Structures are given as structure tokens and as C-alpha cells.
Amino acid sequence: MKFTENEVIQFVNENDIKFVKLAFCDIFGTMKNISILSDELPRAFENGISFDASSIKGFMNIEESDLFLFPDPSTLSILPWRPQQGRVVRLLCYINHPDGRPFEGDGRLILKKAIDAARKSGYKIEIGPECEFYLFLQDEKGYPTKVPHDYATYLDAAPVDKGENVRREICLTLEQMGILPESSHHEQGPGQNEIDFKYSDAMIAADSLITFKSVVRTIANINGLHASFMPKPLKEFSGSGLHINISLLKNNINLFDNQLFSHTPESDSFIAGILDKIPQITLFLNPLINSYERFGSHSAPKYVTWSSENRSQLIRIPAANGKYSRIELRSPDPSCNPYLAFALLIYAGLDGIKNKYELDSPADYDLYKAEDSVVKNYKKLPATLAEAIENAEKSDFACNCLQSGIVEKYIQFKKEQWNQYLSSDDKESFEFNTYFYTV
């Protein structure tokens with residue numbers, strides 16, 4: 001249910017709400033928030049709540065530091081794990097400059113513009129994320145350890161699968177917050193889990209994913225566990241991906257529907273557009289040094305390919321019909337900023353349609369076992385963060401979609417991180433300590 005400003009204020013007054021968390025993401029996808037007393041909510045809607053944006057990486061310089069949060073009433077959610085007396089709600093926010101101009105680094109604004117661009121071209125994009133994560137034990141002081149929660153494998157059942165009750169609690173919590181999980185199961189790695197969502201509008205999907213990660217961490221901690229969205233926390237086991245399922249609709253008809261068409265020029269060009277732009281935008285889909293250790297192992301993609309059969313390709317077209325028809329992009333990982341990631345993918349697909357890109361033949365075989373003479377015909381995904389940075393620096397496409405200032409700040413921070421990694425004596429420890437506890 002979507003609320004108006006007046007309905008949110010009425011809900012807060014009638015339901016013993018004492019605190020309101022105003023949440024937003026930095027350009028790297030990390031959730032931030034300010035808590036206000038419920039009496040301050042009308043002021044927040046009318047004038048915004050200021051914060052020091054110079055203290056948020058990638059936002060503003062010290063000499064022009066103020067930005068304002070304006071809550072989006074349609075994103076109202078109660079936080080079910082907080083006390084029932086003096087309850088707490090959360091609202092996601094748009095971000096403005098003091099003079100009322102929208103802040104160009106606001107991920108929700110960037111995605112909104114992409115959604116509007118699709119709509120003006122006659123299309124609607126629906127997205128269903130599939131997000132993997134690991135659960136690890138905590139020590140007696142509550143600090144994360146490197147010991148997995150269990151040693152179950154793909155689709156194992158309890159009691160081997162010790163994550164079953166935790167996933168159940170996560171799903172029930174999400175339902176209370178208005179987010180509808182579709183399925184959940186144990187994944188391939190020890191302590192690895194996956195929860196999938198119902199299809200929704202791209203903005204709702206991004207909002208839900210940000211909320212999902214917060215809920216997973218919270219429920220895990222309540223159960224004495226540490227949840228990690230690090231792409232490759234255990235080197236010898238499967239990495240955690242964020243598989244992005246995308247449907248392309250025109251006049252309420254799903255253009256990927258195999259019952260209606262085998263392929264349409266628009267749907268083919270949409271896929272071709274994403275494949276064409278992937279090397280340029282991988283930095284934003286896979287933003288960590290650790291992200292690139294996942295590629296090419298345990299069915300994670302390595303080449304810029306598509307297939308309706310082989311699960312190891314970059315884009316897979318699942319065997320589904322009707323409203324479930326879709327493409328599945330398999331390279332992104334959960335450390336990305338979903339607002340930027342979804343926006344870039346929408347723009348890439350639209351660019352493919354606009355320029356009538358042709359889709360190459362599918363790679364319906366295992367490229368990892370193919371001969372070199374076959375493999376050399378395919379482009380590879382960037383192999384390191386440094387290579388992804390280099391591709392993004394050369395990309396006019398990324399700058400046009402995200403604005404050059406945001407891209408420059410993003411690249412600058414990633415370069416600093418890469419240089420710190422190169423200069424570290426123990427690179428494995430640097431990588432683990434940088435990401436395991438915070439991603």
C-alpha cells in the first residue's frame with residue numbers, strides 16, 4: 001500500500017510511532033540514516049532534514065556540505081524487530097540541495113530518470129532480484145568469525161541446513177514490511193543462502209533490495225550470526241551473486257514471453273544493448289576487489305555471452321512463459337548499489353533498442369571446457385577491479401547516465417582502494433578485513 005504525506009502522518013499519530021528513520025544510500029550503496037522524533041515528520045516533508053554531506057564519501061566537499069533529506073511517503077515501513085511501544089518506522093528519502101535542486105548523486109533520483117526514459121520510449125521494466133549471502137558464526141563477544149553457520153549444500157533440508165529458521169524469520173519480517181519474498185533455499189556454499197523476490201517495478205525492486213540487506217543483517221545478528229554479502233568470502237566455495245531478472249513490457253505485453261514470440265527485434269536489441277555495455281559498467285555492478293574472484297568459477301560468468309540453455313553464461317533466458325518470462329543477468333553481486341546498477345542496465349537496453357543492435361548467436365555450451373579457438377571469439381568480463389576502472393574511465397555511456405561528477409568520485413575512491421591493495425604486504429588479509437565485516 002502506498003501512502004500520501006497526510007496518511008503517513010495520520011498513521012504515525014495513531015500507531016504509537018515515536019521515532020522515524022530517514023534512510024538513504026551513498027553512491028556505493030551503503031545505507032545511511034537519521035532518526036527523528038515523530039513530531040518532526042511534518043517538517044521533514046515540508047522543508048527536509050539537513051545533514052553533513054561532506055562526511056558521506058562521494059557526496060559533497062567541505063565548502064558546500066549541506067544536503068537535505070525529503071522522505072518518500074510511499075516507502076513507509078514499520079521495523080518489526082523494534083519495541084512495540086514507542087515503535088519505529090523507516091522512510092526512504094530523496095536528496096536535495098539547500099536551494100531545492102535535486103542532488104545529482106541521489107541513487108533513487110538516477111533510477112527514477114532511467115524509469116522515466118523507458119516509459120517515454122513506450123516501455124516498462126520489471127525486475128526480480130535473486131540475492132545470495134553467507135551466514136557465519138559469532139564468537140562469545142559477538143564478533144564475526146570465519147566459521148560458516150553450517151556445512152549444507154544446494155537445496156539441503158534441515159537439520160543439515162541450519163539456515164532454514166533464519167531464512168523463515170527473514171521472510172516473515174520482510175512480509176511485515178510489505179516486501180514479498182517468492183522463495184528461499186540453501187545455496188551451494190557452506191552457510192550460503194538465497195532469497196528471491198516477486199517481480200516489481202524497478203524502483204520498488206531497488207528499495208526492496210536495500211531493505212532486504214538491512215533485514216538479513218539484523219535478523220542474523222539477533223540469532224547470533226554474521227551475515228556477509230561479500231562476493232567471495234570463502235575462496236574455495238561458491239561466490240554470492242545478485243542475479244538480476246529483467247522483464248521488458250510494451251503495452252502491458254512481456255516482450256520476452258516465449259508463448260507469444262520466439263524473439264522480437266526489440267527484445268533481442270535490448271539484450272544486445274546490455275551485452276554491448278557490460279564491459280563499461282561492470283565497475284558499478286561488481287565494485288569490489290573481491291568481486292572479480294567470483295568470475296569464472298562455480299558457474300559464475302566470465303565471458304560476454306548469452307544462452308537459453310547454459311546456466312554459466314552472462315545472460316540466461318530461463319525456460320519460463322507468460323509473466324515469468326525474463327532474462328537473467330548473472331554477473332552482478334550484492335555489493336553493488338542497486339539504484340545505479342538497475343539504472344545503467346535500463347539505459348543499456350534502451351540504447352540497444354534505439355540503435356537496433358543485433359543479437360549474436362547464443363553460446364549454448366560450456367565455454368570453460370571449450371577449445372581456445374572457440375573461446376577467443378568471445379569478449380571477457382573485466383578480470384580485476386583495475387580493468388573495470390579503466391573501462392569505466394573510457395566510457396561516455398556511464399558518464400551520460402550517471403553524470404560525470406558522480407562517475408569521477410566513484411572511480412577516484414575505487415582507485416584509492418586498489419592502490420591500497422597493491423601496496424599491502426598481505427593482500428588476502430587486506431581484502432578480507434576491508435570487506436568481510438562491512439559488506
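## The largest pocket

Helix α5 contributes the most to the lining of the largest pocket, with 6 residues. Helices (H or I, at least four residues) and strands (E, at least two) are DSSP runs, numbered from the N terminus. The model is predicted: local features need pLDDT of at least 70, side-chain atom pairs count only at pLDDT 80 or more, and totals for chains, interfaces and linings use all residues. Residues are numbered from 1 along each chain as its sequence is written, and side-chain values use heavy atoms, with hydrogens and water left out.

The largest pocket holds about 850 Å³ of space. A pocket is an open set of points on a 1 Å grid over the protein atoms alone, where a 1.4 Å probe fits, with protein on both sides within 12 Å along at least five of seven lines; lining residues have an atom within 4 Å of a point. Points are joined across faces, edges and corners, and the volume is the space filled by probe spheres set on them. Of the 36 lining residues, Lys-2, Ser-74, Gly-178, Ile-204 and Ser-208 are the closest to the centre of the pocket. Elements that give two or more residues to the lining include β6 (87–96), α3 (107–120) and β7 (124–138).

## The nonpolar core

In soluble globular proteins, nonpolar side chains tend to be buried together. Here the largest nonpolar core has 130 residues. Such a core is a set of buried Ala, Val, Leu, Ile, Met, Phe, Trp, Tyr and Cys residues joined through side-chain atoms within 4.5 Å; buried means under 20% relative accessible area, with a 1.4 Å probe and protein chains only. Helix α7 (residues 338–354) supplies the largest share of this core, 12 residues.

Phe-212 is among the residues with the most contacts inside the core. Leaving aside residues up to four places away in sequence, Phe-212 touches Cys-131, Phe-133, Ile-170, Leu-174, Ile-195, Phe-197 and Phe-229, where contact means heavy atoms within 4.5 Å.

## Aromatic pairs

Rings of Phe, Tyr and Trp (its six-membered ring) pair if their centres lie within 6.5 Å; planes under 30 degrees apart count as stacked, over 60 as edge-to-face and the rest as tilted. This rule gives 21 aromatic pairs. The ring centres of Phe-28 and Tyr-410 are 5.1 Å apart and the planes stand at 40 degrees, so this pair is tilted. Phe-28 lies in the loop between β1 (17–25) and β2 (31–37), and Tyr-410 lies in helix α11 (residues 404–423), 382 residues apart. Phe-28 is buried at 11% relative accessibility, and Tyr-410 is buried at 1%.

Tyr-134 and Phe-136 form a stacked pair, 5.8 Å centre to centre with 25 degrees between the planes.

Technical notes
Buried means under 20% relative accessible area, exposed over 50%, partly exposed in between (1.4 Å probe, protein chains only).
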